[in-house]
Amino acid sequence: MKARPKTFTVSGRTFTVHYVRDHALLNDEDMGRTDYDHGRILVRTYLDGTRLPADAVREALWHELMHAAFWSAGLPECAENEDLILQVSNAVLQIVTSAK
Ligand SMILES: [Zn+2]
């Protein structure tokens, strides 16, 4: 997988990924956001004027990918469960980064 994929498909749904310095849809504390209606994921690359390290951007990306995966699987209650998303995205990221 590319470090910064621009599109991906899950459960037959294609999403575009946008790496943004800031965006009207992002609250100040948001690292990313999944816009299900438009098949779009926003991932923040700057916070408080400082460029985020690559691992922070990747963590935010995988978090949003898990939101998209659960939503596309027809499990919106899981997609909106932040604790579940945090646990699953951290586990998947560990698997992806430790796989040899
Ligand atoms: Zn989230």
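A residue is called buried if 20 or more other C-beta atoms lie within 10 Å of its own, exposed if 12 or fewer do, and partly exposed in between, with the C-beta atoms placed from the backbone. By that criterion Ser 11 counts as exposed, because it has 12 C-beta neighbours inside 10 Å. The structure is a predicted model, in which local features need pLDDT of at least 70 and side-chain atom pairs count only at pLDDT 80 or more, while totals for chains, interfaces and linings use all residues. Residues are numbered from 1 along each chain as its sequence is written. Helices (H or I, at least four residues) and strands (E, at least two) are DSSP runs, numbered from the N terminus.

**Packing of H1 and H3**

- The axes of helix H1 (residues 54-72) and helix H3 (residues 82-98) come within 9 Å and cross at roughly 120°, where axes are lines fitted to C-alpha atoms, for helices over the stretch in contact, and angles run from 0 to 180 degrees between N-to-C directions.
- H1 and H3 are therefore oblique to each other, given that angles under 35 degrees count as roughly parallel, over 145 as roughly antiparallel, 65 to 115 as roughly perpendicular and the rest as oblique.
- On the H1 side Glu 59, Trp 62, His 63, Met 66 and His 67 take part, and they meet Ile 85, Leu 86, Val 88, Ser 89, Val 92 and Leu 93 in H3; two residues are in contact if their C-beta atoms, placed from the backbone, lie within 7 Å.
- The residues of this contact divide into 7 nonpolar, 3 polar and 1 charged, with Ala, Val, Leu, Ile, Met, Phe, Trp, Tyr, Cys and Pro counted as nonpolar, Asp, Glu, Lys and Arg as charged, and the others, Gly among them, as polar.
- Trp 62, which lies in helix H1, is buried, with 22 other C-beta atoms within 10 Å.
- Not counting residues up to four places away in sequence, Trp 62 touches Ser 89, Val 92 and Leu 93.

**The largest nonpolar core**

- A nonpolar core is a set of buried Ala, Val, Leu, Ile, Met, Phe, Trp, Tyr and Cys residues joined through C-beta atoms within 7 Å.
- The largest such core has 16 residues, of which Ile 41, Val 43, Leu 61, Leu 65 and Met 66 touch the most other members.
- Strand S2 (13-20), strand S4 (40-44) and H1 each supply at least two residues of this core, and its largest share, 9 residues, comes from H1.
- Leaving aside neighbours within four places in sequence, Ile 41 is in contact with Phe 15, Val 17, His 18, Gly 32, Thr 34, Glu 64 and Ala 68.
- As general background, nonpolar side chains tend to be buried together in soluble globular proteins.

**Positive phi values**

- Most residues other than glycine have a negative phi, and most peptide bonds are trans.
- Ser 11, placed in the loop between strand S1 (7-10) and S2, has a positive phi near 50°.
- Asp 48, in the loop between strand S5 (46-47) and strand S6 (50-51), also has a positive phi near 50°, and Asp 48 is exposed, with 6 other C-beta atoms within 10 Å.

**Loop residues around the helices**

- Leu 52 is in the loop between S6 and H1 and counts as partly exposed, with 19 C-beta neighbours inside 10 Å.
- Leaving aside neighbours within four places in sequence, Leu 52 is in contact with Arg 44, Thr 45, Tyr 46, Leu 47 and Val 57.
- Leu 52 and Met 31 are 21 residues apart in sequence, and their C-alpha atoms are 9.9 Å apart in space.
- Glu 80 lies in the loop between H2 and H3 and counts as exposed, with 12 C-beta neighbours inside 10 Å.
- Asn 81 is in the loop between helix H2 (76-79) and H3 and counts as partly exposed, with 15 C-beta neighbours inside 10 Å.
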